[in-house]
Amino acid sequence: IVMTNNTIINIQDWPVCSMNTFPSSMGETQQWLAELELLLAKKESFSLIYPPMKPKGKPTAEDMECMKTVRRWLKDAREGMVKYCQAMVITLQSDGSDKLEMEKMAPVISSLYGPEVYLEENALLAQKRAVSVLN
């Protein structure tokens with residue numbers, strides 16, 4: 001696997017994977033899905049940590065297109081996500097400002113992608129959670 005600096009998923013601590021950034025453009029979304037494909041192709045269990053997400057406000061036209069792309073990808077890939085991705089661990093904003101919103105979002109994300117979604121208050125707890133779900 002060629003690691004470019006714009007890699008979205010850091011797999012150094014495999015099987016605990018962490019996203020360096022949250023995809024915010026179509027290019028990044030396609031890159032992210034391509035990287036997820038590679039992880040699923042290993043056919044091994046892994047967990048995925050999300051960094052805190054900046055509140056975005058209203059989705060742009062590009063955001064909508066990105067979501068469509070993800071949904072299309074999931075038509076085939078969701079089964080693999082359910083099987084191999086043991087958890088998606090979302091790190092909350094350090095001030096907890098997005099906790100309520102993310103608590104509402106978690107079940108939506110989980111039903112969309114398949115894996116269990118956990119919310120953790122900081123990177124350390126997120127890391128711990130991502131490790132514990134694999135055991």
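At roughly what angle do the axes of H1 and H2 cross? In this predicted model, the axes cross at roughly 5° and come within 10 Å. Angles under 35 degrees count as roughly parallel, so H1 is roughly parallel to H2.

Look next at the residues that make this contact. H1 supplies Met26, Thr29, Gln30, Trp32, Leu33, Leu36, Glu37 and Leu40. H2 supplies Glu62, Glu65, Cys66, Thr69, Val70, Trp73, Ala77, Gly80, Met81 and Tyr84. Sorted by class, the contact of H1 with H2 holds eleven nonpolar, four polar and three charged residues.

Now turn to the core. The largest nonpolar core has 29 residues. Ile9, Trp32, Leu36 and Met81 have the most contacts inside it. H2 gives the most, with six residues.

Trp32 deserves a stop. Trp32 belongs to the H1 side of the contact with H2, and is also listed among the residues with the most contacts inside the largest core. Leaving aside residues up to four places away in sequence, Trp32 touches Ile8, Ile9, Met19, Pro23, Tyr50, Val70 and Tyr113. Of these, Val70 is also on the H2 side of the helix contact.

There is a second, separate core. This one has seven residues, including Ile49, Val89, Ala126 and Ala130.

What of the cysteines? A search of the whole structure finds zero disulfides. Cys17 is in none; its nearest cysteine sulfur belongs to Cys85, 8.0 Å away. A disulfide needs sulfur atoms within 2.5 Å. Cys17 counts as buried because its relative accessibility is 0%. Cys66 is in no disulfide either, and the nearest cysteine sulfur, again that of Cys85, is 20 Å away. At 7% relative accessibility, Cys66 also counts as buried. Cys66 is one of the H2 residues in the contact with H1.

Finish on H2 with Glu79. Is Glu79 buried or exposed? Its relative accessibility is 66%, so Glu79 counts as exposed. Glu79 and Pro115 are 36 residues apart in sequence. In space, their C-alpha atoms are 9.7 Å apart.

Key:
Residues numbered from 1 in each chain as written. Predicted model: local features only at pLDDT ≥ 70, side-chain atom pairs only at ≥ 80, totals over all residues. Heavy atoms only, no water. Core = buried A, V, L, I, M, F, W, Y, C linked by side-chain atoms within 4.5 Å. Buried < 20%, exposed > 50% of the residue type's maximum accessible area, 1.4 Å probe, protein only. Helix = DSSP H or I, 4+ residues; strand = E, 2+ residues; numbered from the N terminus. Contact = heavy atoms within 4.5 Å. Axes fitted to C-alpha atoms, helices over the stretch in contact; angles between N-to-C directions. Parallel < 35°, antiparallel > 145°, perpendicular 65-115°, else oblique. Nonpolar A, V, L, I, M, F, W, Y, C, P; charged D, E, K, R; others polar.
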